[in-house]
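Me: Please take a close look at a single part of this model and describe it with the cut-offs behind each term.

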Amino acid sequence: MGNLLYTIAVILIIIWAIGFFGYAAGGIIHILLVIAVIVVLLRIIQGRKPL
C-alpha cells in the first residue's frame, strides 16, 4: 500500500510539472500537486524513507 501511494505521488508531481510548464491544465494541476505533497509528508511522518 505504501509503494502505491508513493508511486501515485510521483506520478502526480510529474503531471503537475507537465501542466505547469505547458499551461494546459489550469488549476487542477495545483490541486494534484498538493495531494502529492500530502502523501509524501504522510510517509515522512510515518517514519518511512521519502523517495
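Reply: Leucine 41 lies in helix H2, which covers residues 28-45; helices here are DSSP runs of H or I with at least four residues, numbered from the N terminus. The model is predicted, so local features need pLDDT of at least 70 and side-chain atom pairs count only at pLDDT 80 or more, while totals for chains, interfaces and linings use all residues. Residues are numbered from 1 along each chain as its sequence is written, and side-chain values use heavy atoms, with hydrogens and water left out.

With a relative accessible area of 45%, Leucine 41 is partly exposed, a class between buried (under 20%) and exposed (over 50%), computed with a 1.4 Å probe on protein chains only. Leu41 also belongs to a nonpolar surface patch of about 640 Å², together with Val34, Val37, Ile38, Leu42, Ile44 and Ile45. Such a patch takes residues with over 30% relative accessible area and no salt bridge, and joins nonpolar side chains (Val, Leu, Ile, Met, Phe, Trp, Tyr) within 5 Å; a salt bridge is a side-chain nitrogen of Lys or Arg within 4 Å of a carboxyl oxygen of Asp or Glu. Areas come from the Shrake-Rupley method with a 1.4 Å probe.

The buried residues in H2 are Ile29, Ala36, Val39 and Arg43. Seen down the axis of H2, these buried residues fall within an arc of 80°, so they line one face of the helix, the arc being taken from the directions from the helix axis to the C-beta atoms. After H2 comes glycine 47, with a positive phi near 90°.

Conventions:
Patches are made of residues with over 30% relative accessible area and no salt bridge: like charges are joined within 9 Å, nonpolar side chains (Val, Leu, Ile, Met, Phe, Trp, Tyr) within 5 Å. Helices (H or I, at least four residues) and strands (E, at least two) are DSSP runs, numbered from the N terminus.
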